[in-house]
Amino acid sequence: MAAKIKKGDRVVVLTGKDKGRQGSVVRVMPKEERVVVEGLNMVQRHTRPTQGDPQGGIKNKEAPLHVSNVAIVDSNGKPTRVGFKVDGDKKVRVAKTTGEVING
């Protein structure tokens, strides 16, 4: 199945503690159906000192969100669903609200 959300897309969170906040997709994990959004869904990890990080301590990092809990932001700044259309010989992603092609 084609990817509806890709790395670099601007998305809005639909549910959870960060509902309504926007961010850019940093990583997509298609097998787990999850995405990591920059600066959102932050969790704290207690790490012990290692050679790479001699200090250790409490670190903040982004946790993955399920794909169904995020939506791409269209040109109007509203969340939209994604469809597909054949444009010439290429298959492109299309925003359902505006009908515009999503670059990427």
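Modeller: A salt bridge here is a side-chain nitrogen of Lys or Arg within 4 Å of a carboxyl oxygen of Asp or Glu. This is a predicted model, in which local features need pLDDT of at least 70, side-chain atom pairs count only at pLDDT 80 or more, and totals for chains, interfaces and linings use all residues. Residues are numbered from 1 along each chain as its sequence is written, and side-chain values use heavy atoms, with hydrogens and water left out.

The whole structure holds 3 salt bridges. Take Arg21 and Asp18 to begin. Their closest N and O atoms are 3.1 Å apart. Burial needs its cut-offs here: buried is under 20% relative accessible area, exposed is over 50%, and partly exposed lies in between (1.4 Å probe, protein chains only). Asp18 counts as buried because its relative accessibility is 10%. Arg21 has a relative accessible area of 43%, so Arg21 is partly exposed.

Next come Asp53 and Lys59. In this salt bridge the closest N and O atoms are 3.5 Å apart. Asp53 is partly exposed, at 24% relative accessible area. Lys59 is partly exposed too, at 32%.

Now Asp9 and Arg93. Their side chains meet in a salt bridge of 2.8 Å, N to O. The pair links distant parts of the chain, 84 residues apart: Asp9 sits in the segment before β1, and Arg93 in strand β10. Strands (E, at least two residues) are DSSP runs, numbered from the N terminus. Strand β10 covers residues 90-95. Asp9 is buried because its relative accessible area is 7%. Arg93 has 4% relative accessibility, so Arg93 counts as buried.

Arg93 has another partner. A polar atom of its side chain lies 2.9 Å from the backbone oxygen of Lys4. The side chains of Arg93 and Asp9 also make a polar contact, at 2.8 Å. A polar contact is a pair of N or O atoms within 3.5 Å; within protein, one must be able to donate a hydrogen and the other to accept it, and residues adjacent in sequence count only if both atoms are side-chain atoms.

On to the strands. Two strands pair if DSSP finds at least two bridges between them. Strand β1 (residues 10-13) pairs with strand β2 (residues 22-29) in the antiparallel sense, over 3 bridges. Val12 has Gln22 in β2 as its bridge partner. β2 also pairs with strand β3 (residues 34-37), antiparallel, over 4 bridges. There Met29 is bridged to Arg34 in β3. The hairpin of β2 and β3 has 4 residues between the strands, and Glu33 takes a positive phi near 55° in that hairpin.
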